[in-house]
Amino acid sequence: MDVSIIIVNYNTKELTRNCIDSIFQYTREVKFEIILVDNASTDGSKEYFEQDKRLKYIYSLENLGFGRANNLGYEYAKGKYLFLLNSDTQLLNNAVDLFYSIAENETDKSIGCWGTILQDRLGNKGISYGKFLSIWKDLYIQCFLWPFAYLTKQSITKLSNMYNYDTPDGIVNYISGADIFLKKSIADRFG
């Protein structure tokens, strides 16, 4: 198995269905599995997804939250790589194979995970990656910029520029949790 795609669902049946359908629509030339962890959904997700033979469906009797649910999915993963993917995302191309090819050809052994540029429905760039901020800059963003954007109804897309930045080599401090492609060996080693 090349890639284990782990998706966490909590009452997002339609979004999750669209996400899974986009994976099957675009993914080619890579062996993959989809592991869907359901955080005790009550929207009919259980009845719908437990019938889908294309995926491993894991139903949790409690809402484990995002991190613990991904960890539960990891326990079932057989792939050389893990692709943690939010249920509200949709692939627009053969992203799984692109990630796999990049990871397989990476010569810098210090790189353990990859991400991509996230876009909203209008094609605006979302928060995809960022720099580790100083405590003062983070406080400024959290206590002033975000509330100001909310109160004035400004688009938070403008604020995403505080996080996304140009990088000549593509190496960033962190990647958004919405789509992280990583070596399973890293997760095996560090958890």
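The legends below describe close-up views of a predicted model.

**View A. Salt bridge between Arg-17 and Asp-21 in helix 1.**
The side chains of Arg-17 and Asp-21 form a salt bridge with an N to O distance of 3.6 Å. Both residues belong to helix 1 (residues 13-26); because they are four residues apart, about one helical turn separates them. Arg-17 is partly exposed, at a relative accessible area of 25%. Asp-21 is also partly exposed, and its relative accessible area is 31%.

**View B. Salt bridge between Arg-54 and Asp-21.**
Asp-21 also meets the side chain of Arg-54 in a salt bridge, at 3.3 Å from N to O. Arg-54 sits in the loop between helix 2 (45-49) and strand 3 (55-60), whereas Asp-21 is in helix 1, so the pair ties together parts that lie 33 residues apart in sequence. With a relative accessible area of 39%, Arg-54 is partly exposed.

**View C. Network of salt bridges that includes Arg-17, Asp-21 and Arg-54.**
Salt bridges link Glu-14, Arg-17, Asp-21, Asp-52 and Arg-54 in a network. Two of the contacts in the structure are those of Asp-21 with Arg-17 and of Asp-21 with Arg-54. The structure holds nine salt bridges.

**View D. Salt bridge between Arg-68 and Glu-62.**
The closest N and O atoms of Arg-68 and Glu-62 are 4.0 Å apart, and the two residues form a salt bridge. Glu-62 has a relative accessibility of 45% and therefore counts as partly exposed.

**View E. Gly-67 in helix 3 and its distance to Val-8.**
Gly-67 is part of helix 3, which spans residues 65-76. Its relative accessibility is 41%, so Gly-67 counts as partly exposed. From C-alpha to C-alpha, Gly-67 and Val-8 are 9.2 Å apart in space, while 59 residues apart in sequence.

**View F. Positive phi at Asn-11.**
Asn-11 is not a glycine, yet its phi is positive, at about 55°. The residue is found in the loop between strand 1 (3-9) and helix 1. Asn-11 is partly exposed, with 29% relative accessible area.

**View G. Positive phi at Ala-40.**
Ala-40, a residue other than glycine, has a positive phi near 65°. Ala-40 lies in the loop between strand 2 (32-39) and helix 2. The relative accessible area of Ala-40 is 16%; this value is under 20%, so the residue is buried.

Conventions:
Residues numbered from 1 in each chain as written. Predicted model: local features only at pLDDT ≥ 70, side-chain atom pairs only at ≥ 80, totals over all residues. Heavy atoms only, no water. Helix = DSSP H or I, 4+ residues; strand = E, 2+ residues; numbered from the N terminus. Buried < 20%, exposed > 50% of the residue type's maximum accessible area, 1.4 Å probe, protein only.
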